[in-house]
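Subject: Structure for your review

Dear colleague,

Please find below the structure that I am handing over to you. My findings follow it, arranged by topic.

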Amino acid sequence: MANASTTSSPSAKIVEPTIFDLSSPGRTGVTMPASDVPETALPPEALLRPDLPLPELAEVDVVRHYMHLSSFNYSVDSGFYPLGSCTMKYNPKINEDTCRLPGFLFTHPLQPIETVQGNLALMFQLQEWLKEISGFAGVTLQPAAGAHGEFTGVLIMRAYHKSRGDDKRKKMLIPDAAHGTNPASVGMMGMTVVTIPSDERGNVDLKALEAACDDTVVGMMLTNPNTLGLFDEHIEKVIELVHGCGGLMYGDGANLNALLGIVRPGDLGFDVMHFNLHKTFAVPHGGGGPGSGPVGVAAHLADFLPEPLVGIVEEGEDDTPPLYGFIKPAKTIGRMKAFHGHFGGGFVRSFTYIAMHGPDGLKDISQYAVLNANYLQARLRGTYKVPYDRICMHEFVAEGRFEGSDVRALDIAKRLMDYNFHPPTNYFPLIVHEALMIEPTETENKDTLDAFADALIKIAEEAKSQPELLHNAPSTTRFGRMDEVKAARELVLCCWLPENYDVNA
Amino acid sequence: MTYIPISPKERDAMLETVGVKSLDDLFDAIPVKHRFPKLNLPAALTEMEAMDELSGLANANENVRSDLVSFLGAGMYNHYIPSVVDHMLRRGEFYTAYTPYQPEISQGTLQAIFEYQSLMSALTGMDVSNASHYDGATATAEAVNLAFAQYRGKRRKVLMSPSLHPQYREVVRTYTQGMELESAGDAESDLELSPEAFASQVDDNTCLVIVQYPDFFGRVYDYTKLIEDVHAKGALVCVVANPTALAMFKTPGSMGADIVVGDGQPLGIPMWYGGPSVGFFTTRKNMVHKMAGRLVGETIDSRGQRAYVLTLTAREQHIKRERATSNICTNQGLIALGTAVYLSVLGKKGLRQVAELCYQKAHYAARELNKVKGYKVSDGTFFHEFVLECPAPASEINAHLLEHGIIGGYDLGQDFPSLANQMLIAVTEMNTKQEIDTLIEVLSEVDHG
């Protein structure tokens, strides 16, 4: 392909050409079989496209290209990935095999239900297991991701109030430590957000909450344990206040990895919650998705769940299993996406994972996730300031700054790459200065945690003695710090530009 | 403790460092009466047992590769997936990474998404693509959000073509129920309208017109005139496109579309009982700041190397919070990578060949079915899917086909009561002439009673 270069500066070193740069006219990676049917004339020329500007490569070129790209990635399979609030645990390899069984891969979502009883049984069982784990009465598997589950939950809360003729509720209470997706989900619904501050122990400030509770409240969206890694010490009181003004309690399930077999959100009084199958139940996150965000609800909200749910449409008998099919909740909010949800990517892997853990194994997951976080917190105490210093759950937040040093959390994060660790989440939650949010997960051994703590302690020394090491980090990685301003100002989102493409090539 | 690598000795040492006696002591903040519930779940399986259990469930299905012959499409299609696609997706460096928040050590994901964006722009004929959305239906709903934002809420009507996928229409309705938005145009009586006549319903309050290409009934229309008419009334047009068809038919971009979305599943992603697939979302440069979802842009690093980062993040939830244009956070990164590998390996020639095979086989099937007594294929240009009018309700015909190991077409009566005797037949490169001939033979039997 002629002249398909990019707009980067002429002095730029090309690290890995784009797939378009690698193209050479006439190559192909796949030959399809010839047609075995009598020929039909093509449609009128005016309806056809003159050319198809896709790259042309042989299979080996494609494989080497993506293998090169893969080598530029840090991943859980290659090292420690303590990205707070993301629960980057090890993803068992068997899940990759079970989700690719041909019986799952090659089933069409609109096939007659009689031909997909295996899929439906799996979905039904997963719904039941998620109910049991969370203490909810109903579960939909449909939402595609955590934020999609949140949006589903907010729609359900709105529909519930409307069904009771209670139209004046427009206010959602959200703590200042919340994930940004919470207020964004509410914004999409035309509701207003009322921010509730945290108190000095990192709990919801009860006075502020009480003051905000009135008959215009839709409910509260609470992550618990919260994004500081802390279990709210007054959770029962918080829920009582919200329920007391007629509001509903939404649980952001992003941090459920701390609670398996420890406490069920439904038992605490939460009305609705999403699960992040890709976090808690070991579905790999794929560099940004797919996720899977099932939603659980208490009994009074079950009729509002999105359709379809999987149910038993014909009871079984001694020698015949039940017939599984789809059911539509009576007051459903509607459909959240085409088809049934992330079956292959999410449900099969999570089913496998839960089946292999059982009730005791699930409790182990959370206990060790919490142990690992507390161990790291204890090792770093004294070197890094922990603004809310008490027993944490599966993650904690430290401050990435030092008295008399201009080193920032970002510098510490980048320097960690030189020690071959993925950095923690930085600058979140917003209420901690220079936040470093650390979530080790249960799948790391003590040696790894010690090596990570040692690196962070060493970096704290470097911050004082050789700050330029941090300002210039990373220096051992293949790529250095990025010019993010250039990316936003000189927007290049595509390496193929019509004016650069020679249609005669 | 299959996946927990901490020995009892290490555990005890760690507990001592933390300053507690036992694991249970870490949970004092949890209300006592709810602490440590007994979960009623089956006992843990070993890996060997789990594989056995899952295989049993998978085998309880009849799949469309080895058990059944399928002519079902309606938004998800049975295409051949070259081996190389899954081999790349199985690289742990790709599938066990997170959203690329740290670009220095995430260039693999970032460049792959950048290339995906470029490939989708090339395929649709549009300026910019985002890093993907959940699926075609949610991408369509996000197109409504974009149009709504483009007119700052001053135009509150969305006109959805009656021949837009019924599930996509439902999702748009679900998404917009809090927005005081009117959705119109999908009355069953509108089904017979030509695109131009349909566009006459556009008024000063309309922000967006949504049409499908090929439409839900498989028909291919040139929307150029419709788009001109809609633009003349000041509204935007979103085209929901099948990406395989775009290898052969003129692009919605060249027709003047403002937004082109769709489901990327046909591009090398298994049907997987409906998900995950990938929603693509492309638009014009001037609307990029209002587009939902992640974007990867090109830049340079501190060493002068070409590199990629997530960009224009100020539109997103983690900065704008309740003022964000969308709450999307996770997208479909890995599936987008799968489509990029598929498009790379098929390339210009291969994808056109797939499209033409679909076209040839579907047209052969339509021609032959039209000859069978009692059956009629609708007129008009189509790609690989067409409406077949049957001598009996489609559900009855399909029940008969299933007895012969064939999944028939999508029963249109489920969504359109007036079309109870009609089914939507999809034929792809996976269907052999022999399969098509068997379908015709079995259908002939039905007619003869």
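This is a predicted model: local features need pLDDT of at least 70, side-chain atom pairs count only at pLDDT 80 or more; totals for chains, interfaces and linings use all residues.

Aromatic rings and charges

Over all chains, the count of aromatic pairs comes to 26. In the pair of Phe421(A) and Phe452(A), the ring centres are 5.3 Å apart and the planes stand at 80°, so the pair is edge-to-face. Phe421(A) belongs to the loop between helix 12 (409-418) and strand 11 (425-426) of chain A, while Phe452(A) belongs to helix 13 (residues 446-465) of chain A; the pair therefore ties together parts that are 31 residues apart in sequence. Both residues are buried: Phe421(A) has a relative accessible area of 10%, and Phe452(A) has one of 0%.

Charged side chains also meet aromatic rings. The charged end of Lys363(A) sits over the ring of Phe36(B), at 4.2 Å from the ring centre. Within chain B, Arg155(B) lies over the face of Tyr151(B), 5.1 Å from the centre of that ring.

The contact between the chains

Chain A contributes 210 residues to the contact and chain B contributes 190 residues. About 17,500 Å² of area is buried between chain A and chain B, and carbon and sulfur atoms give 64% of it. There are 10 salt bridges between chain A and chain B. One salt bridge joins the side chains of Lys348(B) and Asp51(A), with an N to O distance of 3.4 Å.

Thr18(A) has contacts in both chains. This residue is placed in the segment before helix 1 (59-71) of chain A, and its relative accessibility of 0% makes it buried. Apart from neighbours within four places in sequence, Thr18(A) is in contact with His65(A) and Cys495(A), and with Gln111(B), Glu115(B), Arg306(B) and Tyr308(B).

In soluble globular proteins, nonpolar side chains tend to be buried together. Here, the largest nonpolar core has 217 residues, and those with the most contacts inside it are Leu209(A), Met220(A), Phe281(A), Tyr384(A) and Leu208(B). Helix 11 (residues 343-380) of chain A supplies the largest share of this core, 17 residues. A second, separate core has 87 residues, among them Met255(B), Val296(B), Ile335(B) and Tyr359(B).

Leaving aside neighbours within four places in sequence, the contacts of Leu208(B) include Ala143(B), Val144(B), Ala147(B), Leu236(B) and Ile259(B).

Backbone geometry

Most residues other than glycine have a negative phi, and most peptide bonds are trans. Where does the model depart from this pattern? The peptide bond from Asn224(A) to Pro225(A) is cis, with omega near 0°; Pro225(A) is in the loop between strand 4 (217-223) and helix 8 (235-244) of chain A. The bond from Tyr213(B) to Pro214(B) is also cis, with omega near -15°, and Pro214(B) is in the loop between strand 5 (206-213) and helix 9 (224-232) of chain B.

Thr87(A), which is not a glycine, has a positive phi of about 50°. Its place is the loop between helix 1 and helix 2 (94-98) of chain A, and at 2% relative accessibility Thr87(A) is buried. Arg152(B), likewise not a glycine, has a positive phi of about 45°. Arg152(B) is in the loop between helix 6 (136-150) and strand 3 (157-160) of chain B and, at 69% relative accessibility, is exposed.

Yours sincerely

Key
Residues are numbered from 1 along each chain as its sequence is written. Chains are lettered from A and ligands numbered from 1 in the order in which they are written. Side-chain values use heavy atoms; hydrogens and water are left out. Rings of Phe, Tyr and Trp (its six-membered ring) pair if their centres lie within 6.5 Å; planes under 30 degrees apart count as stacked, over 60 as edge-to-face and the rest as tilted. Helices (H or I, at least four residues) and strands (E, at least two) are DSSP runs, numbered from the N terminus. Buried means under 20% relative accessible area, exposed over 50%, partly exposed in between (1.4 Å probe, protein chains only). A charge sits over a ring if NZ of Lys or CZ of Arg is within 6 Å of the ring centre and within 35 degrees of the ring normal. A nonpolar core is a set of buried Ala, Val, Leu, Ile, Met, Phe, Trp, Tyr and Cys residues joined through side-chain atoms within 4.5 Å. Contact means heavy atoms within 4.5 Å. Buried area is the accessible area (1.4 Å probe) that two parts lose on being put together, summed over both. A salt bridge is a side-chain nitrogen of Lys or Arg within 4 Å of a carboxyl oxygen of Asp or Glu.
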